[in-house]
Amino acid sequence: MTDLPFYQFLHDVLPLWASVTGAAVLGLALAFVGAAALPSLVFVAVVLFGFGAPVWLWVTFGVIALVTLVKPLRRVLSGVLMRLMIKMEFLPVISSTEREAIDAGTVWLDGELFSGKPDFKKIMAAGYPGLTAEEQAFMDGPVQHVCDMTDDWDVFQQRDLPQATWDYLAKERFFAMVIPKEYGGHGFSPSANSAVVGKLSASSAVLGITVMVPNSLGPGELLTHYGTEAQKKHYLPRLATHEEIPAFALTEPGAGSDAGAMSATGVVFKGEGDKLYLKLNWRKRYITLSPISTVLGLAFKLIDPDNLLGKGKNPGITCALVPTSTPGVDISQRHDPLGIPFYNGPTEGHDVVVPLEESIIGGVDGAGKGWKMLMESLAAGRGISLPGTSTAGVKHVGRVASAHAVVRKQFGMSIGKFEGIEEPLARIGGFAYILEAARRFTNGGLDSGAKPAVVTAMMKYNSTELFRQAVNDGCDIMGGNAISRGPRNAIAHAYINTPVSITVEGANILTRTLMIFGQGAIRCHPYVLKEVNAIEKRDVAAFDEAFWSHVAHVGRNKVRALLLSLTRGRLASSPVSGPTAKYYRKMAWASATFAFWSDIALATLGGTLKRKEKLTGRFADIFSWLYLGSAVLRRYEAEGRRKEDLPMVQWSMEYALSEMQRAFDGLFDNLPVPGFTWLVSGPISAWSRFNRLGSGPSDDLGHLVARIIQTPGEQRERMFSGVHIPEDELRPVRRLETAFEACAKADDLSRQLRKAVKSGQIRRGTPAAMVSAAVAAGLMSAEDGKLLERAEVLREDIIQVDAFTKAEYFATALDPERTPVTATPDDSTGGDGAEAIPMA
């Protein structure tokens, strides 16, 4: 038998089905792990030999092998393909502003998630930092104190922060968190910046926004990274002490998302002694702190008609610092953003003349580099401020809504025990866990120097959207206590402020549809940007390397997506064992599926994909929840795998998987694939719905999460840490917490009292009367009676809402002396007078 050919040996020893199955399994295994070209070709050759392939098939294989392995031959084909793609405008045309946005920042762990084969060991090794001792002391000291001294209701009534608060902010250098210590600032980390603005915002949106803006995109940040030494020495110490109040003017009536439509200009000209100056003209709006600013950061198009700078007549978008005392600057007006009284307004400049070198950030060298400066700053900043405020906002809502759910009774029991209330409570608790995980995870990357623009866009969009849903849920739970404004209300102003965070730093619609996936598909994909660059440079060698690696990448992910779907992720490895291992495997499954269909969309839609915003939005949702899910798993590991936190982790991961599934469902229903759309929207869509990544948290899991956040103790405090708890017992959050703790402590006693009433041992009456009767009957001790009576007094107090006399209500009106008109029928006109009734 040894004299027989190998293929004959296989035929005689092994049945055909076994040979075919073995070859298929080995081939799929090689594709699954992404084997290189040479071992893959060797495998194909062995299979051809083993099955006695005919000569024509060997010739075909030989041609393919030669083209694959011999680079000069392969590059001939690559050159043809590259020219064809250029002619067909297959890849998107990238404008100069888009190019700078894509090039800004870095690719971080988002690259792993986009790859289709994420290295979870690497992801789990990423930093998850807390605060330094100095930063924590600032949180516990100045931050706590300024929150205590600032009453949010009073701020809204006076339409400004108290002067004492402004003075304290200056004294403790709150505007200087990002300014280095050598210039008089705190030099805090992104983690600290995020934590501080979060705590301030949860206490008072006006306080938080006022501190957030100078520590985000603005003169301080831009000068620190791009200013000349002379500019830093002049401005940074003055900004640190609040001697200068900064604002940054970017948005215009005709230029919001489209920065290329900016109309603000700065014309270069020579003045006395041949010194260079700028003549600036602008109309900007929505500029926070503008009405009180002393120095205005300004983005404009630089025009150099005589090429005095040697950079051409139109160097591009530039950033400059303009003292607002300069003739021609107008900051006299304010906007009213939903009645939230933080300083925000339009600004105009008419023929404003400033010295060029001193004004352009970075001096002459910074001319034309403004857009790059802004994009690089936002690449980090989007992951700090708004995610910080949104995370703290969800925690604040969770704290007050869960407390209210315990204190508020209906039908003789706390409303938090009703399943209808448990459901939104679980969402709020789960969102709080997810966002704190993602906030700290992202800040860990930023602390280490990464500037992951796509990740921070995910954070900005998802944190503000989850906060929007959480505050809506909180209002539903708290009912009239949420909508009746006044000094007792703990949530109304958070609700009112929600659209502001949705709109700023890139409106959420834009962020989701264009930035997360539109830029992410180019920036985070391992090969697309290389292909784009190669085509722009007409570099066949670079295109050859990127394109064929891309082809192999698609083949690997196709097989991974298929096999992981068939096995529900079980073929993927997990870096941990235990109850969370299955989530790593499902995340690997989701990543492979996402990566494969991303490439299908890129291949079939080409340059038109970025205009298919409904599709890119769904891809963005999948990508976002891959990241948020990874952050949840990282938090669980970083915090020592606390067993009691497992329901929070499981709820969060089940929610993440269900959101990815929802996005995949919409994708398969709507993705056009020429010739195969029927296959995608039919069998593939049906299989995906049958073989789901996840269907959402179960009712039992939601019950556990709702119980956790309604139970006083260390775990609840960890879940809602970092938000302001006032010292003043009359402030709404402190009032709620006091009542919550008392009612939770007396819960068993309250249950005993209900049983006694139901059994007829005591008669129904006021809480005080029933408690007295229970003590007299020996059903509870006098000490327990006092505890229960106190809880009932606090419960009665907490359900009260604010009410005002007419004089109080109209005290802040334009005409406080105005007397409301009473509706009276007017027989002479036949009217009923209803139009005269003022609606409060």
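This note goes through the packing, ring pairs and selected contacts of a predicted model.

1. Basis. The model is predicted, and local features need pLDDT of at least 70, side-chain atom pairs count only at pLDDT 80 or more, and totals for chains, interfaces and linings use all residues. Residues are numbered from 1 along each chain as its sequence is written, and side-chain values use heavy atoms, with hydrogens and water left out.

2. Main core. The largest nonpolar core holds 139 residues (a set of buried Ala, Val, Leu, Ile, Met, Phe, Trp, Tyr and Cys residues joined through side-chain atoms within 4.5 Å; buried means under 20% relative accessible area, exposed over 50%, partly exposed in between, with a 1.4 Å probe and protein chains only). Helix 26 (residues 581–605) gives the largest share of this core, 14 residues; helices are DSSP runs of H or I with at least four residues, numbered from the N terminus. Phe-441, Phe-594, Phe-623, Tyr-627 and Met-660 have the most contacts inside the core.

3. Met-660. Residues up to four places away in sequence aside, Met-660 touches Met-587, Ala-590, Ile-622, Trp-625, Leu-626 and Leu-693 (contact: heavy atoms within 4.5 Å). Another core, of 84 residues, lies apart from the largest one and includes Tyr-168 and Leu-222.

4. Aromatic pairs. The whole structure has 30 of them (rings of Phe, Tyr and Trp, the last by its six-membered ring, with centres within 6.5 Å; planes under 30 degrees apart are stacked, over 60 edge-to-face, the rest tilted). Phe-543 and Phe-547 are a stacked pair, 5.3 Å centre to centre with 20° between the planes. Both lie in helix 25 (residues 540–566), four residues apart, about one turn of the helix. Phe-543 is buried at 0% relative accessible area, and Phe-547 also counts as buried, at 17%. Elsewhere, ring pairs join Phe-114, Phe-517, Phe-594, Phe-619 and Phe-623 into a cluster.

5. Charges over rings. The charged end of Arg-560 sits over the ring of Phe-32, 4.6 Å from its centre (CZ of Arg or NZ of Lys within 6 Å of the ring centre and within 35 degrees of the ring normal). Arg-635 lies over the face of Tyr-433, 4.0 Å from the ring centre.

6. Thr-106. Which loop holds Thr-106? Thr-106 is in the loop between helix 6 (96–103) and helix 7 (110–115), and is partly exposed at 35% relative accessible area. Thr-106 and Ala-453 are 347 residues apart in sequence but 6.7 Å apart in space, C-alpha to C-alpha. Beyond neighbours within four places in sequence, the contacts of Thr-106 are Ala-450, Lys-451, Pro-452, Ala-453 and Arg-523.

Terms used: Helices (H or I, at least four residues) and strands (E, at least two) are DSSP runs, numbered from the N terminus.
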